[in-house]
Amino acid sequence: MTEYTREIWLRIFMLAIWLALAIGAVTVLDPERDTSAVVAAVLAVVAGLSILRPFRGSHLVIAGLAAVAYAAVQGLRASAPGADPNGTYIPVAAVGAFAMVVTAIVGDTLRGALRAYDAELTARAQVIAEIEAVDPETGATKRQHAERLMNLEVERARRYGHAFTLLMIGPDDWADFVARNGRDMAQRTASQLAQEYIGRLRTVDTVIQMGDATYAPLLPETGIEGAQVVAEKLAAAAQEIVGGEVRCGIAAFPDDEVTASGLLREAEEALEFARAAAIRVASRSLLS
């Protein structure tokens, strides 16, 4: 049992004990012995509203109104013709009203514990998602998470007015490399490329695996000139690993595109242009 679940069970236990004591006190003190069921129902509603909170302060509003109404009913009973002058109408009114208000407060503490537990579950889910997003063999982020990462970076760049770039880097004739060296060697080489890129980039950068030996390094807060320098270094290092030409395409936000899918497309087209033109690094911004 985790700290959060223990806390929740403790709050549930406290709320249950309090409800039992409150209902018991009303039952014992009520001279007519006929309002305990009503009080129990009202306390259950207040407790539920304290936890669910359909709108801000709803539990306190309902608890306050119920407390006033219950006190008023007991007051009318005390002043009614034929009422027992020694009846405990006023004490039971005070106990019932107090119980309703305190139930709202105790229920609110349970809501706080549940919210903390929910936040913990959300944080754990995010950690698991980040772990699952990384290919264990290459250390690069899996392709299916590329657009989500790009969307987050686009949103961040728009909010703070920053530029960023996306590289698309891959060797020429990868199919020939696989045919010459075998699938196992090709997989090891692709993993080595990813590790080389990750080792040369900043911790804020992300290397996305696009397929085979093609990767897409995402460079936050990096302009086109800085990205070109990075691309040249990555391509030169990768060329030593594969023993053949490695080329890179660059797409810049917001100069080349302003959407995640558009930037991915621009980077892929820039890589294809680099291969067709037999140049190491290509970008529409660099060529214009």
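This section describes the sheet, the helix packing and the local backbone features of the chain.

The structure is a predicted model, in which local features need pLDDT of at least 70, side-chain atom pairs count only at pLDDT 80 or more, and totals for chains, interfaces and linings use all residues. Residues are numbered from 1 along each chain as its sequence is written, and side-chain values use heavy atoms, with hydrogens and water left out. The mean pLDDT (the predictor's confidence in each residue, from 0 to 100) is 84 for the chain. A value of 70 or more is reached by 93% of the residues. Helices (H or I, at least four residues) and strands (E, at least two) are DSSP runs, numbered from the N terminus. Among these elements, β1 has the highest mean pLDDT, 96. Helix α10 (residues 284-287) has the lowest, 68.

The chain contains an open sheet of 5 strands with mixed pairing. Two strands pair if DSSP finds at least two bridges between them. The strand order is β2-β3-β1-β4-β5. β2 (206-211) and β5 (281-283) are the edge strands, each pairing on one side only. Neighbouring strands are turned against each other by 25 degrees on average, direction ignored. For these and the helix values, axes are lines fitted to C-alpha atoms, for helices over the stretch in contact, and angles run from 0 to 180 degrees between N-to-C directions.

Valine 207 has proline 217 of β3 as its bridge partner. Helix α7 (residues 183-200) packs on the sheet and touches β1 (164-171), β2, β3 and β4 (246-253). Contact here means heavy atoms within 4.5 Å. The direction of α7 makes about 10 degrees with that of β3.

β2 and β3 form a hairpin with 2 residues between them. Aspartate 212 lies in this loop. Its phi is near 55 degrees, a positive value in a residue other than glycine. The peptide bond from phenylalanine 253 to proline 254 is cis, with omega near 5 degrees. Proline 254 is found in the loop between β4 and α9 (260-277).

Two packed helices are described by the angle between their axes and the distance between the axes. Helix α6 (residues 174-181) packs against α7 at an angle of about 125 degrees, with the axes 7 Å apart. The two helices are therefore oblique to each other. Angles under 35 degrees count as roughly parallel, over 145 as roughly antiparallel, 65 to 115 as roughly perpendicular and the rest as oblique. α6 contributes Trp174, Phe177, Val178 and Asn181 to the contact. α7 contributes Arg183, Met185, Ala186, Thr189 and Ala190. By class, 6 of the contact residues are nonpolar, 2 polar and 1 charged. Ala, Val, Leu, Ile, Met, Phe, Trp, Tyr, Cys and Pro count as nonpolar, Asp, Glu, Lys and Arg as charged, and the others, Gly among them, as polar.

α7 also packs with helix α8 (residues 224-242). Their axes come within 10 Å and cross at roughly 150 degrees. That makes α7 roughly antiparallel to α8. The crossing is right-handed; a crossing is left-handed if the near helix is turned anticlockwise from the far one by less than a right angle, and right-handed if clockwise. Thr189, Gln192, Leu193, Glu196, Tyr197 and Arg200 of α7 meet Leu234, Ala237, Ala238, Ile241 and Val242 of α8. These residues divide into 7 nonpolar, 2 polar and 2 charged.

Helices α2 (residues 36-52) and α3 (residues 58-79) cross at roughly 165 degrees, and their axes come within 8 Å. They are therefore roughly antiparallel to each other. Their crossing is left-handed. Val39, Val42, Val46, Leu49 and Ser50 of α2 meet Ser58, His59, Ile62, Ala63, Ala66 and Tyr70 of α3. This contact has 8 nonpolar, 3 polar and no charged residues.
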